[in-house]
Amino acid sequence: NNKKGIIKYIGNTEFGDDGEPMVGIELDQTDASIQNTGDGTVGNKRYFETSMGRGVFVRKASVVAIDTAALLLAREAAAAAAAGDDAAGGGGDEPGGDKADTGGADEDERNDA
């Protein structure tokens, strides 16, 4: 859906499919379709903190880095998560400042309902 934001979380979640790491993004602008949810919390677990309507989770493959440093960081975190290193991704490493675009692929907006 080509939304832009900052990567706030890369890692495993309780809701991700097949243990695939998810990417939590704080959107640059509030998304009206998720304005009553979307704060980085899913169920009773907070993965990252943002204002209501600005937090989405997407699959790693849906993210397009628009900052080269963000791409490198995402690759490192994904490799560490695949190796089982919780400190690099599964524990909610917050790179902060890494700009990304959701790339128009399907978003997994499983935010607190």
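Modeller: The discussion below covers the fold, the aromatic pairs and the nonpolar cores. Please keep in mind that this is a predicted model.

Biologist: Understood. How many helices and strands are there in the protein chain?

Modeller: The protein chain has one helix and seven strands. Read from the N terminus, its elements follow the order β-β-β-β-β-β-α-β.

Biologist: And what share of the residues is buried?

Modeller: Of the 113 residues in the protein chain, 44% are buried. The accessible surface comes to about 5700 Å², and carbon and sulfur atoms hold 44% of that area.

Biologist: Turning to aromatics, how many pairs does a search of the whole structure find?

Modeller: The search finds six aromatic pairs. In one of them, the ring centres of tyrosine 9 and phenylalanine 57 are 6.4 Å apart. The planes of these two rings stand at 75°, which is over the 60 degrees required, so the pair counts as edge-to-face.

Biologist: Where do those two residues sit in the chain?

Modeller: Tyrosine 9 belongs to strand E1 (residues 4-11) and phenylalanine 57 to strand E5 (residues 55-59). The pair thus links distant parts of the chain, 48 residues apart.

Biologist: Are they buried or exposed?

Modeller: Both tyrosine 9 and phenylalanine 57 are buried.

Biologist: Which other aromatic pair does phenylalanine 57 form?

Modeller: Phenylalanine 57 also forms an edge-to-face pair with phenylalanine 15, at 5.1 Å centre to centre and with 75° between the planes. Phenylalanine 15 lies in the loop between E1 and strand E2 (22-27), whereas phenylalanine 57 is in strand E5, so this pair ties together parts that are 42 residues apart in sequence. Phenylalanine 15 is buried as well.

Biologist: Which residues do the ring pairs link into a cluster?

Modeller: The cluster consists of Tyr9, Phe15, Tyr47, Phe48 and Phe57.

Biologist: Now the nonpolar cores, please. What makes up the largest one?

Modeller: The largest nonpolar core has 10 residues, including Ile7, Val23, Ile34, Val58 and Ala77. E1, E2, E5 and helix H1 (68-82) each supply at least two residues of this core.

Biologist: Which element gives the most to this core?

Modeller: E2 gives the most, with three residues. Another core, of seven residues, lies apart from it, and Met22, Tyr47, Phe48 and Phe57 are among its members.

Biologist: One last point: what share of the contacts with a separation of 6 or more is between residues 24 or more positions apart?

Modeller: Such residues account for 69% of those contacts in the protein chain.

Notes. Residues numbered from 1 in each chain as written. Predicted model: local features only at pLDDT ≥ 70, side-chain atom pairs only at ≥ 80, totals over all residues. Heavy atoms only, no water. Phe/Tyr/Trp six-rings, centres within 6.5 Å; stacked < 30°, edge-to-face > 60°. Helix = DSSP H or I, 4+ residues; strand = E, 2+ residues; numbered from the N terminus. Buried < 20%, exposed > 50% of the residue type's maximum accessible area, 1.4 Å probe, protein only. Core = buried A, V, L, I, M, F, W, Y, C linked by side-chain atoms within 4.5 Å. Contact = heavy atoms within 4.5 Å. Areas by Shrake-Rupley, 256 points an atom, 1.4 Å probe, with all protein chains shown as cover.
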